[in-house]
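Thanks for coming, everyone. Please bring up the sequence and the structure side by side, and we'll walk through them.

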Amino acid sequence: MAYDGKIQRFGGAMFTPVLLFSFSGLMVSLAIICKNPMLVGSIANEGTTWFGIWSVIEDGAWMVFNQMELLFVIGLPIGLAKKANARAVMEAFVVYLTFQYFVSGMLKNFGHFFGVDFAQEVGGTSGLKLIAGIKTLDTGIIGAIIISAIVVYLHNRYFETKLPDFLGIFQGSSLVVMIGFFVMLPIAFITALLWPKLQMGINSMQGFLAGAGVLGVWIYTFLERILIPTGLHHFVYSPFIFGPAVVPDGIAKAWMANLNDFAASTRPLKELFPEGGFALHGNSKMFGSLGIASAFYFTARPENRKKVLSILIPVTLTAFLSGITEPLEFTFLFISPPLFAIHAVLAATMSATMYAFGVVGDMGGGFLDLLAKNWIPMFANHKTEIFVQLAIGLAFTAIYFFVFRFLILKLDLPTPGRELESEDIKLFTKKDYKEKKGKTSETVEINPYMEQAAIYLEAFGGTDNIEKVNNCATRLRITVKDESIVDGDASFKAGGAHGVVRNGNAFQVIVGLDVPQVREQFEKLLEIND
């Protein structure tokens, strides 16, 4: 149970920053629409006031995606630290930036030893990225998660360590950061030594992929998807989309430069621009996302579907319209990595199938990108390719749905909305609660979350029976000292819980997306009663 519980807590912790993606993704999509002259007219031409305003909005909306590493660094301690979560967040942030400064310093002073040209511009195939203004290696969210997890371990172990009085200034967060400082030195060295080799290995595959036809398209798309959590997917698509892997200036520039000629020609697009097979990965962002979201919805328990829908609608729209798939993919990546691997396989198969049937273009984004760059200009003379693409895409939407649905049910994967509920449906009324907890209302102002928390606390046997408090994306996780005095599920349902999962002295109260607010009030009650 301990290992499984840690995995579930980890998944829940990762869901914290993912919840921020939906709004940002929708705002990016809206900005893209409003800046496209083909969709809104000449008012959106570059240089107009309208264009400038929406450019500012788009820049702000991209913040969440441009700073994903930092979001995951601070998200992990919120969910996994066993005590003083706010201090754990600060420690993780400080130690992570220390790690990045170490890597940056090593590459700046000893780049030749590590095989890295640190004078390169960040981005593309340089393998470098600016993180909080630090020029460093692009290790993606995997690097952020690993470092943050190490800090959480150090925090849980050393935060309450008592030092001699004359060293008291170094206790608590100071001690954790000090230990983290020295731990990061060897980790930064190992990262600087090994990560560039991995980047070079991915980069060196481009020659093989370019000459491998349908197989090359399949491998290209598979790697572009499966490597997203590591940040190494940049080394897959950048040489093709923006670099010289198949055309001198990259697919994106070559496609737009020849767009009018391609649109006017009646020759098959695959003959005109065969290189465009390596820019079909956006199809999975549209057609795949619809199938995935449908599978999540229909495998959720009926009573949970409305709440699941509230999660799925914004993240699916974001993926479909703008091609920003992190909100949807990260929703299940950390909960069930096998589903993410299946997603990569299906995405690759979809792109390879389309290419085999003559579909090419610049389709790395979402529907808006596809509409403006491909379907609208190409419809007059290349409607056959468009209909073929649409037919294959919708077929794969169905394939995604049935494959995901089968695996979720067969493996009993904990995707959103699949929480179990107790069969005991008896509920207490709010009046019952207020009669029982009248003393609480005299102590502290009641709000809806406080009411829930108070009911749960009483059901757990009171403050003296609480050992640990935590939460994941939708569940309040409580460890009690004596499970025998914990009430039945009906008591928890009085506070609006959808059910309770019991495993010895470890309990999971299925609260829903309000769980962070409920946990906060729960901990306030513990402090008051103490």
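How many residues lie between E1 and E2 in their hairpin, and which residue in the turn has a positive phi? There are 2 residues between the strands, and alanine 132 in the turn has the positive phi, about 55°. One caution before going on: this is a predicted model.

Strand E1 covers residues 128–131 and strand E2 covers residues 134–137. The two run antiparallel, joined by 4 bridges. Find lysine 129 in E1; threonine 136 in E2 stands opposite. As background, strands of a sheet pair through backbone hydrogen bonds, either parallel or antiparallel.

Now look at lysine 135. The charged end of lysine 135 sits over the ring of phenylalanine 118, 4.9 Å from the ring centre. Tyrosine 101 is 34 residues from lysine 135 in sequence. In space, their C-alpha atoms are 8.3 Å apart. Tyrosine 101 belongs to helix H7, residues 85–114. Is tyrosine 101 buried or exposed? Its relative accessibility is 53%, and the cut-off for exposed is over 50%, so tyrosine 101 counts as exposed.

There is another charge over a ring elsewhere. Lysine 270 places its charged end over the ring of tyrosine 355, 4.2 Å from the centre.

Next, the other sheet pairing. Four strands make an open sheet, in the order E3-E4-E6-E5, with antiparallel pairing. Which strands are at the edges? They are E3 and E5, the latter spanning 500–503, and each pairs on one side only. On average, neighbouring strands here are turned by 15° against each other, direction ignored. Inside the sheet, E4 (residues 475–480) and E6 (residues 506–510) run antiparallel with 5 bridges between them.

On to aromatics. The whole structure holds 26 aromatic pairs. Take phenylalanine 298 and phenylalanine 401. Their ring centres are 5.9 Å apart and their planes stand at 85°. Edge-to-face needs over 60 degrees, so this pair qualifies. The partners come from distant parts of the chain, 103 residues apart. Phenylalanine 298 is in helix H16, residues 282–299, and phenylalanine 401 is in helix H20, residues 367–410. Phenylalanine 298 is partly exposed at 45% relative accessible area. Phenylalanine 401 has 17% relative accessibility and counts as buried, because the limit for buried is under 20%.

The second pair is phenylalanine 460 with phenylalanine 522. Here the centres are 6.4 Å apart and the planes are at 85°, so this one is edge-to-face too. Where do the partners lie? Phenylalanine 460 is in the loop between helix H23 (448–459) and strand E3 (466–471), while phenylalanine 522 is in helix H25, residues 515–529. The pair therefore ties together parts 62 residues apart in sequence. Phenylalanine 460 is buried, at 0% relative accessibility. Phenylalanine 522 is buried as well, at 0%.

Last stop, a pocket. The second largest pocket has about 1,400 Å³ of space. Its lining counts 48 residues. Which of them lie nearest its centre? Those are Trp62, His234, Tyr237, Phe242 and Lys285. Helix H12, residues 234–241, supplies the largest share of the lining, with 5 residues.

That's the tour. Over to you for questions.

Definitions and conventions. Residues are numbered from 1 along each chain as its sequence is written. This is a predicted model: local features need pLDDT of at least 70, side-chain atom pairs count only at pLDDT 80 or more; totals for chains, interfaces and linings use all residues. Side-chain values use heavy atoms; hydrogens and water are left out. Rings of Phe, Tyr and Trp (its six-membered ring) pair if their centres lie within 6.5 Å; planes under 30 degrees apart count as stacked, over 60 as edge-to-face and the rest as tilted. Buried means under 20% relative accessible area, exposed over 50%, partly exposed in between (1.4 Å probe, protein chains only). A charge sits over a ring if NZ of Lys or CZ of Arg is within 6 Å of the ring centre and within 35 degrees of the ring normal. Two strands pair if DSSP finds at least two bridges between them. Axes are lines fitted to C-alpha atoms, for helices over the stretch in contact, and angles run from 0 to 180 degrees between N-to-C directions. On a 1 Å grid over the protein atoms alone, a cavity is a set of points where a 1.4 Å probe fits but cannot get out, and a pocket is an open set with protein on both sides within 12 Å along at least five of seven lines; lining residues have an atom within 4 Å of a point. Grid points are joined across faces, edges and corners, and a volume is the space filled by probe spheres set on the points.
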